[in-house]
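The sequence and structure come first.

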Amino acid sequence: MSTKPPSLTERRKAATQLDIARAAAELFTEHGPDGTTAEDIALRAGVALRTFYRYFRSKQDAVAPLLAGGADRWRESLAAAEPGSAVPTALERSIAEALSAHDEEAAEGLRWTRGLLRAAAEDPALRAVWYRVNQESEERLRAVVAGLAGPGADPLEVRLTAAAATDAIRVALEAWAESDAPVRGEGAPAELAVRCLRELMGGMRLLGPDAGE
């Protein structure tokens, strides 16, 4: 099913939100959430304070677009899998691709995520944003998994699969953020996430070794 491309206004809005998100991430990394105000973020992003509050309810909420961007690209990659692809194979490939840091922009995104997750360890409001981003991603992922699994798939299995895949990435990123592992190679997010997914595969039909056969 085709989707209508975003309008110019929507693209400008998304770009402004991302600019604010990057400014918030920079300041959280430099000064911590407690040492950062919404006014600081607006000034760093070059927008008026009223513009900040037009898009975000709080300073912690401002980083949501940065945290959600990788999940959005991952779902798009998964949705583009060839028809008839086995669900576990498609998930592994899309997860590895989404977290591979194949260029500097992707690597920078992972580094921002690491900094924010480290800051979230001491900030409940920032952790709440992270959990909300993951919950929203999981809900959107269900439709993608259902499309891959086909019309005969058990809705409960689809829901469990979306939850398992989302949690595999969440846990991998959290574990990586706690370490000093690189963005690529051994111990990197892509490797950890695929490992987490495989650990969760066994008991679910859509993710089990015989899926797609």
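R170 and E174 both belong to helix α8, four residues apart, or about one turn of the helix. Helices here are DSSP runs of H or I with at least four residues, numbered from the N terminus. The two side chains form a salt bridge, with the closest N and O atoms of R170 and E174 3.1 Å apart. The term salt bridge means a side-chain nitrogen of Lys or Arg within 4 Å of a carboxyl oxygen of Asp or Glu.

The model is predicted: local features need pLDDT of at least 70, side-chain atom pairs count only at pLDDT 80 or more, and totals for chains, interfaces and linings use all residues. Residues are numbered from 1 along each chain as its sequence is written, and side-chain values use heavy atoms, leaving out hydrogens and water.

By the rule above there are eleven salt bridges.

| Salt bridge | Closest N and O atoms |
|---|---|
| E104 and R111 | 2.7 Å |
| R170 and E174 | 3.1 Å |
| R132 and E136 | 3.5 Å |

Side chains of opposite charge can pair when their charged atoms come close. E104 is partly exposed at 48% relative accessible area, and R111 is partly exposed at 41%. Partly exposed lies between buried (under 20% relative accessible area) and exposed (over 50%), with a 1.4 Å probe and protein chains only. R132 and E136 sit four residues apart in helix α7, about one turn of the helix. R132 is partly exposed at 28%, as is E136 at 30%. A network of salt bridges links R132 and E136 with R57 and D61.

R132 also takes part in the contact of α7 with α4 (contact means heavy atoms within 4.5 Å). The axes of these two helices, lines fitted to C-alpha atoms over the stretch in contact, come within 10 Å and cross at roughly 10°. α4 is therefore roughly parallel to α7, a label for angles under 35 degrees. Among the residues making the contact are W74 and R75 of α4 and W130 and L141 of α7.

L141 is also one of the residues touching the most other members of the largest nonpolar core, which has 59 residues. Such a core is a set of buried Ala, Val, Leu, Ile, Met, Phe, Trp, Tyr and Cys residues joined through side-chain atoms within 4.5 Å. The largest share of this core, nine residues, comes from α8. F52, another of those core residues, is in contact with residues including I20, I41, V47 and A62, leaving aside its neighbours within four places in sequence.

Key:
Axes fitted to C-alpha atoms, helices over the stretch in contact; angles between N-to-C directions. Parallel < 35°, antiparallel > 145°, perpendicular 65-115°, else oblique.
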